[in-house]
Amino acid sequence: MGISVSDLIRLAETVLGCEREKGTDHVRYVLRIEKKIIGRFKFSHSWRKNQQIDGYILGMQAKSMHCSPQTWKMLLEGKMTRADYFGELLAHGVITPEEYAQLMK
Amino acid sequence: MSKDGERFQKIIAMPAHNFFYAVALVSSETTPLPIENITVADGIVRSESSNSCTIREGVLLSLPGSSVHANVVRAFSIQLLPTDDGYLATSFLSDICELELTRGNVVRKYLSSLLDELLWLRENEENLSDILMKELKRIEEYLVILQ
């Protein structure tokens, strides 16, 4: 069983605390610290919740969320925590230690 | 020669079988095909041998259901990757991607999605991280929104 759109929604809303923005053609999830936008990804409204997500698309989403494809996949599978993900962002200089602390509150 | 005249010259220079195939790929029963989209259609036809669709300078982009338009001021390529569910479209301009059943549909979807992304990045420009700001500036080198 692969990774589905439902897994994506769960990760974005429940684990990472992304904001959901609904556009005309797409749903966009945005990761913010206060007002600052750190990352975002979007997918088409036409995608069904049980639709399996292609590995290449997962790779592109990982890139837009500034983590490795392996990290993104493990997050989606529930094998990695938000702390691990934010730790990776901190390690790669995407966020500052202060921003990391804020995200972990 | 007028701009329309120049465009017409480009269209009639296209091989006939490619022209009608290209129009079929991009137009639909309910969506009229603006004359500028002929160059996009030509790019889609040419992509069949290389999995890369070139969007040329001068192509006009639009968002469905919106009056917003943008002009391509610098040519760029869309990469088309065959998958089990159709074709995936990506480019170096942005981290977005689109998935559709056919080449024509995915290129059209990608172009409107790219314009949508440009508008969103501009709307949120004040709050973008450095990485996202770079993406905005990169797209703006290739697309100009028409007021």
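Chain B contains five helices and seven strands, where helices (H or I, at least four residues) and strands (E, at least two) are DSSP runs numbered from the N terminus. This is a predicted model, in which local features need pLDDT of at least 70 and side-chain atom pairs count only at pLDDT 80 or more, while totals for chains, interfaces and linings use all residues. Residues are numbered from 1 along each chain as its sequence is written, chains are lettered from A and ligands numbered from 1 in the order in which they are written, and side-chain values use heavy atoms, with hydrogens and water left out.

**Chain B as a whole**

- Read from the N terminus, the elements of chain B follow the order α-α-α-β-β-β-β-β-β-α-α-β.
- Of the 147 residues in chain B, 46% are buried, a class that means under 20% relative accessible area, with exposed meaning over 50% and partly exposed in between (1.4 Å probe, protein chains only).
- Among the contacts in chain B with a separation of 6 or more, 42% come from residues 24 or more positions apart, contact meaning heavy atoms within 4.5 Å.

**Helices α4 and α5 of chain B**

- The axes of α4(B) (residues 103–123) and α5(B) (residues 130–140) come within 10 Å and cross at roughly 125°; axes are lines fitted to C-alpha atoms, for helices over the stretch in contact, and angles run from 0 to 180 degrees between N-to-C directions.
- That angle makes α4(B) oblique to α5(B), because angles under 35 degrees count as roughly parallel, over 145 as roughly antiparallel, 65 to 115 as roughly perpendicular and the rest as oblique.
- On the α4(B) side the contact is made by L114(B), E117(B), L118(B), L121(B) and R122(B), which meet L132(B), E135(B), L136(B), I139(B) and E140(B) of α5(B).
- By class, this contact of α4(B) with α5(B) holds six nonpolar, no polar and four charged residues (Ala, Val, Leu, Ile, Met, Phe, Trp, Tyr, Cys and Pro count as nonpolar, Asp, Glu, Lys and Arg as charged, and the others, Gly among them, as polar).

**Contact between the chains**

- In the interface, 23 residues of chain B are in contact with 23 residues of chain A.
- Chain B and chain A bury about 2000 Å² between them, 56% of it given by carbon and sulfur atoms; buried area is the accessible area (1.4 Å probe) that two parts lose on being put together, summed over both.
- D95(B), W120(B) and N127(B) supply 30% of the area that chain B buries against chain A, more than any other three residues.

**Helix α1 of chain A**

- In α1(A) (residues 5–15), the residues V5(A), L8(A), I9(A), L11(A), A12(A) and V15(A) are buried, and their cover includes β2 (26–33), β3 (36–44), α2, α3 and α4 (82–91) of chain A.
- Just after α1(A), G17(A) takes a positive phi of about 70°.

**Loop residues of chain A**

- E34(A), in the loop between β2 and β3 of chain A, has a positive phi of about 55° although it is not a glycine, and counts as exposed at 63% relative accessibility.
- H66(A), in the loop between α2 and α3 of chain A, is another residue other than glycine with a positive phi, near 65°, but H66(A) is buried, with a relative accessible area of 12%.
- S68(A) lies in the loop between α2 (55–64) and α3 (69–76) of chain A and is partly exposed, with a relative accessible area of 23%.
- Leaving aside neighbours within four places in sequence, S68(A) is in contact with A62(A) and E88(A).
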